[in-house]
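Me: Got a model open here and want to walk through it. Can you take my questions one by one?

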Amino acid sequence: MSHNTFGHLFRVTTWGESHGPAIGCVVDGCPPMMPLEAADLQVFLDQRRPGQNRFTTQRQEPDEVKILSGVMIDEVTGKQVTTGTPLGLFIENVDQRSKDYGEIKSQYRPGHADFAYDAKYGVRDYRGGGRSSARETAMRVAAGGIARKVLDGVTIRGALVQMGPHKIDRANWDWSEVGNNPFFCPDAKAAALWENYLDGVRKTGSSCGAVIELVAEGVPPGWGAPIYGKLDAELASALMSINAVKAVEIGDGMAVAGLSGEENADEMRMGNDGKPLFLSNHAGGVLGGVSTGQPVVARFAVKPTSSILTPRRSIDKFGGEVDIRTKGRHDPCVGIRAVPVGEAMMAIVLADAFLRHRGQNGAGPVWPASRGGRATTED
Ligand SMILES: Cc1cc2nc3c(=O)[nH]c(=O)nc-3n(C[C@H](O)[C@H](O)[C@H](O)COP(=O)(O)O)c2cc1C
């Protein structure tokens with residue numbers, strides 16, 4: 001299986017399966033002399049960690065990350081810093097329970113990757129879904145923690161804005177609420193309602209989908225590239241690569257189709273600080289594939305968990321027809337733990353875009369007006 005690597009200059013390669021002894025990743029291209037401790041990554045892993053409340057899978061994984069390579073103690077500061085060499089990250093799997101999967105060894109869960117993997121490879125690690133398990137996303141979150149450190153001055157936050165059919169009231173949006181409920185929900189009222197809703201879904205052996213919104217603030221103008229390296233295209237690809245994601249929107253996304261040209265155009269004025277001021281952000285902070293300095297906004301939709309207790313019709317690998325009930329431990333709404341995963345993917349894309357921008361343009365000013373209107377670099 002190829003394609004386990006993501007990114008260009010900031011490059012992440014993950015390995016490992018749900019029920020193997022461990023998972024890991026290599027992060028290559030990280031700048032040297034950046035202070036980095038495992039604890040810097042653990043905070044984000046703790047947000048994604050399973051088994052923290054009744055609304056996520058009861059698999060108990062401490063997800064304790066170790067940094068195996070690419071760091072050493074800086075003699076001057078006494079702090080652990082990156083050396084510019086590949087960073088090797090490692091997490092042990094400690095709570096595998098493969099017997100839960102005995103029944104689906106030869107049966108295909110509808111909506112999961114089982115049939116497609118068998119059709120492609122002729123062999124499938126049925127234990128917890130093997131490589132198709134979202135266990136792999138723990139390494140994305142760890143790598144995302146490193147990306148965040150590369151992105152000094154950029155704040156990346158995510159929130160669940162819809163659970164099943166229930167949307168938040170955007171008028172109640174309060175970022176400080178996100179940490180106060182088990183759903184990463186920015187609307188306290190909606191979070192309270194979702195508790196009852198998700199309890200009902202869980203008890204009936206069903207599952208539900210969700211929508212997550214990501215916002216990156218502090219991204220300067222100029223990151224991303226036209227045509228094949230568009231920042232929005234890379235974000236869409238990164239978010240779509242997350243398990244169970246079926247749709248991605250940038251800025252107003254699908255809703256732009258219903259706007260008039262006047263409504264959609266993000267008008268500009270000069271701000272008091274001498275910098276361009278956008279009067280709206282329908283574009284989600286990206287124009288022509290390049291960041292504008294506005295917040296970068298993306299949303300993604302996650303489908304309902306396919307492993308459910310309610311029997312579903314399917315087939316097995318011998319061509320027989322079966323009714324399948326998936327036991328084992330599963331998230332009733334995988335969108336919840338997808339929030340830190342989405343943030344991590346956004347961080348990786350932005351860190352990669354930043355390093356590539358710096359590689360091509362250095363640290364120099366990019367907007368002609370900031371150099372008296374001159375478009376050249378003759379000075
Ligand atoms: C954080 C997270 C946790 C997940 N947990 C489960 C789970 O417990 N059970 C399950 O069937 N799918 C789970 N999934 C989704 C599957 O991994 C995914 O549906 C499967 O790999 C098929 O890929 P696709 O949905 O992208 O086509 C999870 C996804 C995410 C993002």
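Me: What should I know about the model itself?
Reply: This is a predicted model: local features need pLDDT of at least 70, side-chain atom pairs count only at pLDDT 80 or more, and totals for chains, interfaces and linings use all residues. Residues are numbered from 1 along each chain as its sequence is written, and side-chain values use heavy atoms, with hydrogens and water left out.

Me: Back to H4. What happens at the start of H4?
Reply: A side-chain oxygen of Asp187 comes to within 3.0 Å of the backbone nitrogen of Lys189.

Me: How far apart are the end C-alpha atoms of H4?
Reply: They are 23 Å apart. The expected span is 1.5 Å times one less than the number of residues.

Me: Which residues of H4 are buried?
Reply: Ala190, Ala191, Trp194, Leu198, Asp199 and Val201. Buried means under 20% relative accessible area, exposed over 50%, partly exposed in between (1.4 Å probe, protein chains only).

Me: What covers them?
Reply: The cover includes strand S8 (155-163), S9 and helix H7 (335-361).

Me: Switching to aromatics. How many aromatic pairs are there?
Reply: Seven. Rings of Phe, Tyr and Trp (its six-membered ring) pair if their centres lie within 6.5 Å; planes under 30 degrees apart count as stacked, over 60 as edge-to-face and the rest as tilted. One of the pairs is Phe55 with Phe183, which is tilted, at 5.0 Å centre to centre and 55 degrees between the planes.

Me: Where do Phe55 and Phe183 sit?
Reply: Phe55 is in the loop between helix H1 (38-48) and strand S4 (65-69). Phe183 is in the loop between strand S9 (166-167) and helix H4 (188-203). They are 128 residues apart, so the pair links distant parts of the chain.

Me: Are those two buried or exposed?
Reply: Phe55 is buried, at 2% relative accessible area. Phe183 is buried too, at 0%.

Me: What kind of pair do Phe183 and Trp194 form?
Reply: Edge-to-face, 6.1 Å centre to centre, with 65 degrees between the planes. Phe183 is in the S9–H4 loop and Trp194 in helix H4, so the pair ties together parts eleven residues apart in sequence. Phe55, Phe183 and Trp194 form one aromatic cluster.

Notes. Helices (H or I, at least four residues) and strands (E, at least two) are DSSP runs, numbered from the N terminus. Contact means heavy atoms within 4.5 Å. A polar contact is a pair of N or O atoms within 3.5 Å; within protein, one must be able to donate a hydrogen and the other to accept it, and residues adjacent in sequence count only if both atoms are side-chain atoms.
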